[in-house]
Amino acid sequence: GWAAPEVEQTYARARVLCTQVGKTPQLFSTLRGLWRFNRSRGALPTAVELGEELYRLAQHEAAPTHLLAAHDALGQTLFYLGDYTAAHSLHEESLEIRKEWGDQRGVASSLHSLGNVASYQGDYDSARSLYEESLALFRELEVKRGVASSLNSLGLLAWKQGDYPAARSFNEESLTINKESENKKGISDSLHNLANVIFDHG
């Protein structure tokens, strides 16, 4: 997995080589790998530093796909650290880029990320609207994991607001889809959310 020590060692060696020979595209990929490793390990301050380095490198390259990846990496890490204002700004920029490209799946993902930020800021109405928009797009595109993830988020939001019947319905549908697609992490998330609902409401 991404958190295995060998992953960091391999990417660290690759980073040194890329720096020595000036291979910028390979350097971006290497830094992104190191970012994933540190995010997976929960080493968020290091992940932020790597995200910022990715962002600077992508701006220097003027490579749109790299810039978008850097936006996502830095936005995710800042969200985990609780810097919701910065995370919102980066995810908004990602959303606009994806809209310009006509990348509907990416738009759905950005909407979901913005919903997460709104939820943690306590803006539940905005969060619900963003999750619902994300869900509609994922359904239209028939992206099962995206559908299940949006349903899970809507279920978690309903649970936070004390709407237990809605929370249960969202999470049960999410669980069904995750089982069909054999998404183990998704199954775990759905079961966890369902357990919260059952514990609080029965």
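1. Start with Ser119. This residue sits in helix α6, which covers residues 104-120. The model is a predicted one. Is Ser119 buried or exposed? Its relative accessible area is 6%, so Ser119 is buried, since the cut-off for that word is under 20%. Setting aside neighbours within four places in sequence, Ser119 touches Tyr124, Ala127, Tyr131, Leu157 and Lys160. Tyr124, Ala127 and Tyr131 come up again in α7, and Leu157 and Lys160 in α8.

2. Now take α6 as a whole. How far apart should the ends of its 17 residues be? At 1.5 Å a residue the span should be 24 Å, and the end C-alpha atoms are 25 Å apart, so the two values agree. The buried residues of α6 are Gly106, Val107, Ala108, Ser110, Leu111, His112, Leu114, Gly115, Val117, Ala118 and Ser119. What covers them? The cover includes α4, α5, α7 and α8. Just past the end of α6 comes Gly122, with a positive phi of about 85°.

3. Next, α4. This helix runs over residues 64-80 and has 17 residues. From first C-alpha to last, α4 reaches 25 Å, close to the expected 24 Å. How many of its residues are buried? The count is 12 of 17, so α4 is mostly covered, with "buried" meaning under 20% relative accessible area. The buried set is His66, Leu68, Ala69, Ala70, His71, Asp72, Ala73, Leu74, Gly75, Thr77, Leu78 and Phe79. After α4 comes Gly82, whose phi is positive and near 90°.

4. Look at α5 beside α6. Helix α5 covers residues 84-101. The axes of α5 and α6 come within 9 Å and cross at roughly 160°. Why call the pair roughly antiparallel? Angles over 145 degrees count as roughly antiparallel, so α5 and α6 qualify. Their crossing is left-handed. On the α5 side, the residues that meet α6 are Tyr84, Ala87, His88, His91, Glu92, Ser94, Leu95, Arg98 and Lys99. On the α6 side, they are Gly106, Val107, Ser110, Leu111, Ser113, Leu114, Val117 and Tyr120. By class, this contact has 8 nonpolar, 6 polar and 3 charged residues.

5. Then α7 beside α8. Helix α7 covers residues 124-141, and helix α8 covers residues 144-160. Their axes come within 8 Å and cross at roughly 160°. The angle makes α7 and α8 roughly antiparallel to each other. The crossing of α7 past α8 is left-handed. From α7, the residues in the contact are Tyr124, Ala127, Arg128, Tyr131, Glu132, Ser134, Leu135, Phe138 and Arg139. From α8, they are Gly146, Val147, Ser150, Leu151, Ser153, Leu154, Leu157 and Lys160.

6. An α-helix has 3.6 residues a turn, so residues three or four places apart point the same way. Keep this in mind when you trace the contact residues along each helix.

7. Check the loops. Glu142 is in the loop between α7 and α8. Its phi is near 60°, a positive value in a residue other than glycine. Glu142 is exposed, with a relative accessible area of 70%. Where is Glu182? Glu182 is in the loop between α9 (164-180) and α10 (184-201). Here phi is near 55°, again positive in a residue other than glycine. Glu182 has a relative accessible area of 65% and is exposed.

8. Thr30 is in helix α2, residues 24-41. At 5% relative accessibility, Thr30 is buried. Beyond its neighbours within four places in sequence, Thr30 is in contact with Tyr11, Ala14, Arg15 and Cys18. Arg15 belongs to helix α1, residues 5-21. Its relative accessible area is 28%, so Arg15 is partly exposed. How far apart are the C-alpha atoms of Arg15 and Leu31? They are separated by 7.1 Å, although the two residues are 16 residues apart along the chain.

Notes
Residues numbered from 1 in each chain as written. Predicted model: local features only at pLDDT ≥ 70, side-chain atom pairs only at ≥ 80, totals over all residues. Heavy atoms only, no water. Helix = DSSP H or I, 4+ residues; strand = E, 2+ residues; numbered from the N terminus. Buried < 20%, exposed > 50% of the residue type's maximum accessible area, 1.4 Å probe, protein only. Contact = heavy atoms within 4.5 Å. Expected span 1.5 Å × (residues − 1). Axes fitted to C-alpha atoms, helices over the stretch in contact; angles between N-to-C directions. Parallel < 35°, antiparallel > 145°, perpendicular 65-115°, else oblique. Left-handed = near helix turned anticlockwise from the far one by under 90°. Nonpolar A, V, L, I, M, F, W, Y, C, P; charged D, E, K, R; others polar.
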